[in-house]
Amino acid sequence: MGFARTCSVALLGVEGVVVEVQADLEAGVAAFTLVGLPDKSLSESRDRVRAAIVNSGETWPQKKLTVGLSPASVPKGGSGFDLAVACAVLAANDRVDPRDIADLMMIGELGLDGRVRPVRGVLPAVLAAADAGYRHVVVPDWTVAEASLVPGVSVLGVRSLRQLIALLNDELAPEEDEEPADGRPDPMLAGLTLPGVGHGTGLADTGTPDLAEVAGQGAARTALEVAAAGGHHMYLKGPPGAGKTMLAERLPGLLPPLTRQEAVEVTAVHSVAGILPPGRHMVEQPPYCAPHHSATMQSLVGGGNAMPRPGAVSLSHKGVLFLDEAPEFSGQALDALRQPLESGHVVIARAAGVVRLPARFLLVLAANPCPCGRHGSPGGMCDCTPSMIRRYQGRLSGPLLDRVDLRVDVEAVSRSELIGGVGSAETTAVVASRVREARERAAARYTDTPWRLNSQVPGHELRTRWAVAPGALRSAERDMERGLLTARGLDRVLRVAWTVADLAGRDRPAGVDMERALELRTGVRRGMAVATGDQR
């Protein structure tokens, strides 16, 4: 009889649970039993492991073999347990010293020929191993760079089961084939991406577009800068061709690069989702996700038949989620965004378990003024009836819009702005520098607090700890008395006013900053108020 154990990781969303893989050999009829709540793909590992061991030149034990995955109550899936199962079987059969693998964390899929294939979710799996106290991890050679992002963990990359056996036994490791030299894609990397997702799901595969390419739209450009500086959500409304999509696509370029911690969080989500391009082991720029308006609620917030997978709100974590033609999305899908907009995460409950996914994103909604898009245009050629316009605009619920800080009317660009303004607009680099300075002012103000952006500060804290200039709240208070602002709306106006003040270099919001914040919040122009507002 023989017994051995090693460890692997079961992923629940982007969080990992350490799983002990135990192998027990007993005298009896040869059989291979896998227990511990495995799914279909994990149950098939019995055949993959048997073929991989035999084709690696080792002997398969002709005994009763039982492999247990503990804790048995945690659902387990995927092919990433193959390597741990194979090593546990070999150690139970005395081919490898059981003591050498007892404290090893192993992640990887096995091919029938014994080669170790990469799997998705290596980064969150290694993070879970490090949190559990493991300091030695074995991963496929193709994912060593991704696993090495976790500090304090020694990472060993292997290309085949033969190599790992030789290394564990202090033998000369055999050489394995390198990547194809004829320019063909390496088939070993197929497990890192899901079919059909493409890079546009969350990572841009082209260069960052420049804000200078947007003609005119002075008010919308200002709102874009405020949104980037304070992390405020936006609603862009205007006729087709006015530039709503162009503005949204340039918002990620105004955001500062991700910090190390943020980059690890975003990379973990993209690794689990299978949209991390091979060879790009870390996401360093804010992601941009723009799903089609036919997207379901599950594709937006996350879901799946078994354990839920990240949706668009998680793929745009620390970046931008752009919903073009927002009224065309289903009302159920749009209202599902309300919780993550407030909490910064989404909790998905399924029969197989409950998953908590990060979802701290910057939302940009874009819509036409009516179904035909010509309502309010100078030509007056709108064919929509008033009831059609009301129904179309009513598809965006009040509670959802109440969580959007900035509402901007994007007007059609005039001929003079389109032709005469070439080369006169500010570039992304110039605006991004102001955004960075404003964020630094906010971060300095919120030192020793859990917040870094104005949009993150609770309204009670903002009203009691950081006072605005005397008399600056008069207009907002009047709007609240008239029912034009809710309590949540007043808090959001305060947050926007602090961002406007940070961009202007003021220590606290003055009356002019509150007027500008109200204009951005309500979409109602207050030109005279801004010009004559309280400047104290």
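I started at Leu247 and, skipping its neighbours within four places in sequence, found it in contact (heavy atoms within 4.5 Å) with Leu211, Val214, Ala220, Arg221, Leu224, Leu236 and Val410.

A note to myself on ground rules: this is a predicted model, where local features need pLDDT of at least 70, side-chain atom pairs count only at pLDDT 80 or more, and totals for chains, interfaces and linings use all residues. Residues are numbered from 1 along each chain as its sequence is written, and side-chain values use heavy atoms, with hydrogens and water left out.

Next I looked up the cores, meaning sets of buried Ala, Val, Leu, Ile, Met, Phe, Trp, Tyr and Cys joined through side-chain atoms within 4.5 Å; buried is under 20% relative accessible area, with a 1.4 Å probe and protein chains only. The largest nonpolar core has 51 residues, and Met234, Leu247, Leu251 and Val364 touch the most other members. A second, separate core holds 39 residues, among them Ala23, Ala52, Ala88 and Ala91.

Glu225, Ala228 and Ala229 of α8 meet Val431, Arg434, Val435, Ala438 and Arg439 of α18. I sorted the residues of this contact into five nonpolar, no polar and three charged.

Key
Buried means under 20% relative accessible area, exposed over 50%, partly exposed in between (1.4 Å probe, protein chains only). Helices (H or I, at least four residues) and strands (E, at least two) are DSSP runs, numbered from the N terminus. Ala, Val, Leu, Ile, Met, Phe, Trp, Tyr, Cys and Pro count as nonpolar, Asp, Glu, Lys and Arg as charged, and the others, Gly among them, as polar.
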